[in-house]
Amino acid sequence: MKDITILAIESSCDESACAIVRNGKEILSNVVATQIEVHEKFGGVLPEVASRLHVEQISAVIDEAVEKAGISVADVDAIAYTRGPGLIGSLHVGVQAAKTLAWAYHKPLLPIHHIKSHIFANNLITNLKFPLLALVVSGGHSEIVYMKDDNSYEILGQTQDDAIGEAYDKVARVLHLGYPGGPKIDKLAKGVESLYKLPQPKTQGEFDLSFSGLKSGVLQFVDRCKRKGETYDDATLAASFQETALNEIMDKLVKAIDTVEVNQVLLAGGVAANSRLREKMDEAFKDRKEELILPPLWVCTDNAAMVAVAGYFAYKNEAFGDFSQSAKPSLKV
Ligand code: KG4
Ligand code: ZN
C-alpha cells in the first residue's frame with residue numbers, strides 16, 4: 001500500500017505547531033512552539049496576544065518541521081489543519097498557513113476537528129481498535145465519545161456548562177497558583193486527603209457532566225472562610241475540588257461504558273495528563289475486558305502530530321475540504 005504523508009498545522013489556542021506524519025503513525029517531525037510563558041504573566045490566554053504570537057511563530061515552526069522531516073512539502077500527500085473549535089484569531093493563522101501551502105504546492109486540504117485530533121492522537125502510541133470509547137477532557141471540552149469506526153463520532157455525554165480544564169484553571173486562579181492551573185492543582189493535591197465538602201455536580205442527562213456549580217462552590221468556600229476569619233489549607237481545597245470533579249467524570253464514564261461494546265477506552269485532551277485521573281482510570285479498568293489506553297503527556301497536550309493522524313484517517317475517508325472553508329471557533333463534529 002502506498003504511504004500517506006500528511007503535513008499538519010495546529011493553532012487553536014496557545015501552541016503554534018506543525019508536524020509531518022506518515023501513515024498516521026510514524027512521526028517525521030513534530031514541532032510545538034508554546035506561548036505559555038507569555039500567557040502565564042497574564043494568568044490566562046489573552047486571545048489577541050495569542051493570535052499575534054501565532055503570526056510571529058507559524059512560518060518558523062513550519063520551516064523547522066519541514067527541515068526536521070527531511071522532505072519537501074512537494075512530497076506530502078495533503079495539508080491538514082485545525083479548523084475549530086478554538087480561538088478565532090488563533091485558528092485563522094493556522095488556516096491561512098495551511099491554505100497557502102496547499103495552494104502553492106497543489107495539495108488537497110483536510111479540515112480537522114480539534115477534539116477528533118485529541119482522540120486520534122492515541123494512534124501515535126497504539127493501534128486504535130474500533131469500536132472505542134474516548135473520555136475527552138480539555139480546556140474547552142468534556143465529552144464521553146463513542147466511535148463505532150474511524151469515520152463516526154457519537155457524543156454520549158458532555159458538560160452542560162464549564163469544561164473540566166476551565167474549572168481547574170479557575171480554581172487555580174482562586175488559589176493564586178498561576179496559569180495553566182491544571183498541572184499546578186495536580187501537583188499541589190498529590191497525596192493530599194480530600195476533606196472539605198463541596199457541592200456535588202447535578203446534571204440532566206444520564207452521562208452528562210457539570211462543573212460550574214463545583215467551581216462556584218470553591219469560590220464560596222474561600223469567601224466564607226475569609227468572611228469568618230477562618231483559615232483553610234490550599235492543598236486540601238485543591239484535593240477536595242479534584243476528587244469531586246474526577247469522581248463525577250469516573251461515575252459517568254463507567255455508567256456509559258456499560259451501554260456499549262467497545263475494544264478500547266482511551267483518554268484524550270490536556271486534562272488527560274492529570275495523575276489522579278490516570279490512577280482512577282487504572283483502578284476502574286483493571287478488571288475489565290476493554291483495553292485501557294493512557295497516552296503519555298506529550299500526546300495529551302496540543303500538538304500537530306495529532307492533527308496529522310486525524311488527517312490521515314480523513315484522507316482515507318476522502319473528507320477533503322476546499323479553499324472556501326474558514327476557521328470555525330465553535331465547529332461541530
Ligand atoms: O487540550 P488542551 O492542551 O487544550 C485545549 O484544547 O483546551 O488542554 C488544556 C487544559 C488546561 O485547562 C490545563 O489546565 C489542563 O488542560 N491540564 C491539566 C493538566 N495538564 C493540563 N489539568 C489537570 N491536570 C493536569 N496535569
Ligand atoms: Zn486541545
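Residues are numbered from 1 along each chain as its sequence is written, while chains are lettered from A and ligands numbered from 1 in the order in which they are written. Because the model is predicted, local features need pLDDT of at least 70 and side-chain atom pairs count only at pLDDT 80 or more, whereas totals for chains, interfaces and linings use all residues.

The unreviewed UniProt entry gives the annotation "domain: Gcp-like" for residues 26–308. UniProt positions are in the numbering used here, feature names are shortened, and annotations may be inferred rather than shown by experiment. Over residues 26–308, 48% of the chain is helix and 16% is strand, and the end C-alpha atoms are 10 Å apart. Helices (H or I, at least four residues) and strands (E, at least two) are DSSP runs, numbered from the N terminus.

One sheet is open and holds five strands in the order β3-β2-β1-β4-β5, with mixed pairing; two strands pair if DSSP finds at least two bridges between them. At the edges stand β3 (26–34) and β5 (109–113), each with a single partner strand, so one side of each is left without a neighbour in the sheet. From one strand to the next, the twist averages 20 degrees. For such angles, axes are lines fitted to C-alpha atoms (for helices over the stretch in contact), and values run from 0 to 180 degrees between N-to-C directions. Within this sheet, β2 (residues 15–22) pairs with β3 in the antiparallel sense over eight bridges, and alanine 19 stands opposite asparagine 30 in β3. Helix α2 (residues 47–69) packs on the sheet and touches β2 and β3, its direction making about 20 degrees with that of β2. Contact here requires that the C-beta atoms of two residues, placed from the backbone, lie within 7 Å.

Six bridges join β6 (residues 132–137) to β7 (residues 142–147) in an antiparallel arrangement, and the two strands form a hairpin with four residues between them. To β9, β6 is joined by five bridges, and these strands run parallel. Leucine 133 stands opposite tyrosine 146 in β7 and opposite valine 265 in β9, while valine 136 stands opposite glutamate 143 in β7.

Six of the six residues of β6 are buried, where buried means 20 or more other C-beta atoms within 10 Å of a residue's own, exposed means 12 or fewer, and partly exposed lies in between, with C-beta atoms placed from the backbone. Leu132, Ala134 and Val136 point one way from β6, and Leu133, Leu135 and Val137 point the other way.

An α-helix has 3.6 residues a turn, so residues three or four places apart point the same way. Just after α7, glycine 229 takes a positive phi of about 70 degrees.

Finally, the unreviewed UniProt entry lists His114, His118 and Asp302 under "binding site". They span 189 residues in sequence, yet no two of their C-alpha atoms are more than 9.0 Å apart, so they gather at one spot. Histidine 118 is found in helix α4 (residues 114–120) and is buried, with 31 other C-beta atoms within 10 Å. Leaving aside residues up to four places away in sequence, histidine 118 touches Val136, Ser138, Ala268, Gly269 and Met306. Aspartate 302 lies in the loop between α10 (297–300) and α11 (305–316) and counts as buried, with 26 C-beta neighbours inside 10 Å.
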